[in-house]
Amino acid sequence: MLAHKNLKNSLPDSQDLDDTEMDVPLPKRFRSECVNSMDLTLTDNCRHEDWTSDDVAQRMVNMGFDEEAGLFKAQEITGDLLPMLTSERLREMGVSTMGRTLRIMNFIKSITHQERKILNPSNSKVFNDPIHGHIELHPLCVKIIDTPQFQRLRYIKQLGSCYFVYPGASHNRFEHSIGVCHLAGQLACALQHHQPELDINDQDILCVQIAGLCHDLGHGPYSHLFDAKFIPLMRPDRKWKHEDASVEMFDYLIEDNNILPAFQEYGLDRQDITFIKEQIAGPCRKTKDKEWPYEGRSSVKSFLYEIVANKRNGIDVDKWDYFSRDCHMLGIRNNFDHSRFLHFARVLEVDGQLQICSRDKEVGNLYDMFHTRNTLHRRAYQHKTTNIIDIMITEAMIKANDYITFEGKNGKQLKMSEAIDDVVAYSKITDNILFQILNSSSDAKPVLESKEIIQNIFRRKLYKCVAQTQVIAEQLISKSENDSIKKEIVDDLEEPEESSLKPEDIIIHMVFLDYGMKDKNPIDNVRFYMKEKPDIAIKVRKDQVSQMLPEKFAEQHVRVYCKRDDPLSIHKVFQSFDKWCKKKNFPPPKGGNVTALELTPVIKKNYVTMSNGNPIQETNNYNPITPGSAGKFRNRLSF
């Protein structure tokens, strides 16, 4: 009893033993067993971090876990490792039943104060977000936010050059990442609350939140422009994705800011860090078809990998945030309500794996989600002016690539295209790159040409969208055919000598629109459950939902731009493109906007008559440069 008296004497007068040692409410019988066992074994040095494997085993025996004490000792589990134990790891060690597992977890939490640290952090912070309202973030997430690597996201536009078209699209990757962190925690907590049997612990939730927070760390200037346009042209041999850069930047963030002790403080170890990185970029290793590829969590928690980036069907919190945020900033209505999905989400077994499913009545809400994605691509992301500004910025960056450098590791100077190989140099590249080029003192010809392109963007002297056509589904065109299409169009040009167009004056741009899974219906990869049978996963066919849903889930458009803005050149390019469309049996070309009506051109017949009233000549009053224009459409209306 002496040890017990010493322990009580070391506490403030206002506290008793139960208040300090038992953060997690336990059954009275079990709590009394804990206190009685501590009466017999605790010494003056009661810090669990100082316990040896023998100490841990002895305390397990005192708690009635004789069999498990041997397992702990065999695995050399010391006191400092206790916070890292999870139910999953206990089962791997050989703890036989769920009841024993839960009792051991309760014992560990009671002596390490782990639950108090993770679930109720005293130094969390509240962010006021225009989309999700007041967001409370874990102190470890706040530590990550308060680093140069994360603050860099303040200077990378979420929608890239779309800001040049939509003045409201001024939001950045910074606030989007915070929103994804918040939604990831909401979904994980909802699953934990609704299905305790899933054994989602606090470390799981914190890891999912951090993955959502850091999933876009690797984006370059103007977001997808850098990894989808600039790098493929400058480094065609390098298979590089911004997700890979996000993992590298995450490692650099931890190392550069010495945050690893903070991870350990909240019970996260190297395996948890691996889990975070796998959520961002996928599995670290290649495996056979049916072998579980992930190392951070076992297959019994496969559903956790569907929260931040869902490779199975595309329904994830990343999309939920950017749908809501982008629609809000662009002024486009968002038809999808993610809060309903949160309420009805349920994990069920499908083909041997646990997946996140939804109520059968929510299938319409999910179709609305993918329709919203399609609308955003049509009206904003793939807007004809957004795309051509993307192309012009890419040209400017390519021309200046050899003359604008960034300091990397050991002071080495690297070009923009080389910075992806050095995370230190890459962390210094943001949307400010255009102004770095403009303010460059270099008088090299490529730099001067780059500056001219950027100035033309600012002065709205953009390349002209001549026309576009929709490709027939059976004749889809790959991006590799761009050069051959250009050559065909140039070869068919009928132009006078004074207006010589070259292939480099013409730009062919492929626009792909889909529901996120190419020509597949993503809802085919979603499973649902019925109210009457909540534990059985079912598939809902499209024809069971509505007869008004899309028959096809992907389409392709070919756009033609001309770098020259004189009417004659544009007219010649349009005529040649029209011929090309006829050869391919594609619809006649129309204006460059995807959402424009495909109007039937009206040919007005004018008759030149002689004095006797008999016609001698018939001509077509038809504007070849703007066929089927809105003006002609308006002239056809009668009121």
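**Reading the predicted model: burial, salt bridges and cores**

Colleague: Why is Asn410 called exposed?

Modeller: In this predicted model, Asn410 has a relative accessibility of 84%. The word exposed requires a value over 50%, so Asn410 counts as exposed. The residue is placed in the loop between strand S5 (405-407) and strand S6 (413-415).

Colleague: What makes the phi of Asn410 worth a remark?

Modeller: The phi of Asn410 is positive, about 60°, although the residue is not a glycine. Ser223 also has a positive phi, near 55°, and is likewise a residue other than glycine.

Colleague: Is Ser223 buried or exposed, and how do you know?

Modeller: Ser223 has 1% relative accessibility. Buried means under 20%, and therefore Ser223 is classed as buried. Ser223 is found in the loop between H12 and helix H13 (224-234).

Colleague: Why is the pair Arg91 and Asp199 called a salt bridge?

Modeller: The N to O distance between these two side chains is 3.7 Å. The rule asks for a side-chain nitrogen of Lys or Arg within 4 Å of a carboxyl oxygen of Asp or Glu, so Arg91 and Asp199 qualify. Arg91 is in helix H6 (residues 87-93), while Asp199 is in the loop between helix H11 (173-194) and helix H12 (202-214); the two are 108 residues apart.

Colleague: Why is Glu395 called buried, and Lys563 partly exposed?

Modeller: Glu395 has 19% relative accessibility, which is under 20%, so the term buried applies. Lys563 has 30%, between 20% and 50%, and so counts as partly exposed. Lys563 and Glu395 form a salt bridge, with the closest N and O atoms 3.2 Å apart. The pair ties together parts that are 168 residues apart in sequence, because Lys563 lies in the loop between strand S10 (554-562) and helix H25 (567-584) and Glu395 in helix H20 (residues 384-400).

Colleague: How many salt bridges does this rule give?

Modeller: The count is 31 salt bridges.

Colleague: Which residues touch the most other members of the largest nonpolar core?

Modeller: They are Phe150, Ile210, Phe263, Ile307 and Trp320, in a core of 122 residues. The greatest contribution to this core comes from H11, with nine residues. Apart from neighbours within four places in sequence, Ile210 is in contact with Leu140, Cys141, Ile144, Phe250, Phe263, Leu268 and Ile276. There is also a second, separate core of 22 residues, including Leu493, Ile506, Val560 and Val573.

Methods. Residues are numbered from 1 along each chain as its sequence is written. This is a predicted model: local features need pLDDT of at least 70, side-chain atom pairs count only at pLDDT 80 or more; totals for chains, interfaces and linings use all residues. Side-chain values use heavy atoms; hydrogens and water are left out. Helices (H or I, at least four residues) and strands (E, at least two) are DSSP runs, numbered from the N terminus. Buried means under 20% relative accessible area, exposed over 50%, partly exposed in between (1.4 Å probe, protein chains only). A nonpolar core is a set of buried Ala, Val, Leu, Ile, Met, Phe, Trp, Tyr and Cys residues joined through side-chain atoms within 4.5 Å. Contact means heavy atoms within 4.5 Å.
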